[in-house]
Amino acid sequence: METPSPEEARAALDQLSADESAVRYPPLPRWFFLAQAALVAGICLAQLLPRSDARNAMFGAAVVAVVLGGRYWFHRPQVAWVAPSARDMFPFLAALLAVAVACLVVDATTGAEWIWIAGAVVAAGIVLFTGHAYRRAHGDAA
């Protein structure tokens, strides 16, 4: 068995890294991020509904978002349950959580329910911005 040269070993490692990235970060269509942005905005806007309706609307939107994400990102044809990078997802999730917490605090302390409309716009913007950056980095699926 022949020992590979340092250049061949480096090329093999680069190829393995590219393959891992292609599986972990598939090209996703623009509509995926538009749909996720609408669902996240819907979760925020559900806070304007009566409490029992808000809970049902939030649950429904969250289920659709999880199923959509699972189908197009985590469990797509020829790929079984990709392990997402927590380091990559943390800033996105932290930003969405910060918007939700800010809206909760403002609504609870001032009673200004309109804050959920602003929160929906900001949260949807975060999803769209992240989607744009993702598609620029990992490609666009048709």
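Predicted model: local features only at pLDDT ≥ 70, side-chain atom pairs only at ≥ 80, totals over all residues.

Entry 1, α4 and α5. I looked up the angle between α4 and α5 and found about 175°, with the axes 9 Å apart; axes here are lines fitted to C-alpha atoms, for helices over the stretch in contact, and angles run from 0 to 180 degrees between N-to-C directions. α4 and α5 are therefore roughly antiparallel to each other, on a scale where angles under 35 degrees count as roughly parallel, over 145 as roughly antiparallel, 65 to 115 as roughly perpendicular and the rest as oblique. I note that the helices (H or I, at least four residues) are DSSP runs numbered from the N terminus. For contact, meaning heavy atoms within 4.5 Å, I list Phe92, Ala95, Leu96, Val99, Ala100, Cys103, Leu104, Val106 and Asp107 on the α4 side, and Ile115, Trp116, Gly119, Val122, Ala123, Ile126, Val127 and Thr130 on the α5 side. By class this contact of α4 with α5 has 14 nonpolar, two polar and one charged residues, where Ala, Val, Leu, Ile, Met, Phe, Trp, Tyr, Cys and Pro count as nonpolar, Asp, Glu, Lys and Arg as charged, and the others, Gly among them, as polar.

Residues are numbered from 1 along each chain as its sequence is written, and side-chain values use heavy atoms, with hydrogens and water left out.

α2 passes α5 in a right-handed crossing; a crossing is left-handed if the near helix is turned anticlockwise from the far one by less than a right angle, and right-handed if clockwise. The residues of the contact of α2 with α5 divide into 15 nonpolar, three polar and two charged.

The contact residues of α2 with α3 comprise twelve nonpolar, two polar and no charged.

A pocket is, on a 1 Å grid over the protein atoms alone, an open set of points where a 1.4 Å probe fits, with protein on both sides within 12 Å along at least five of seven lines, and lining residues have an atom within 4 Å of a point. I count 28 lining residues, of which Phe32, Trp73, Met89, Phe92 and Leu93 lie nearest the centre. The largest share of this lining, eight residues, comes from α5, and by class the lining has 21 nonpolar, six polar and one charged residues.

About 150 Å³ of space lies in the second largest pocket, and α4 gives the largest share of its lining, four residues. The lining of the second largest pocket divides into ten nonpolar, one polar and no charged residues.

Definitions and conventions: Helix = DSSP H or I, 4+ residues; strand = E, 2+ residues; numbered from the N terminus. Points joined across faces, edges and corners; volume = space filled by probe spheres on them.
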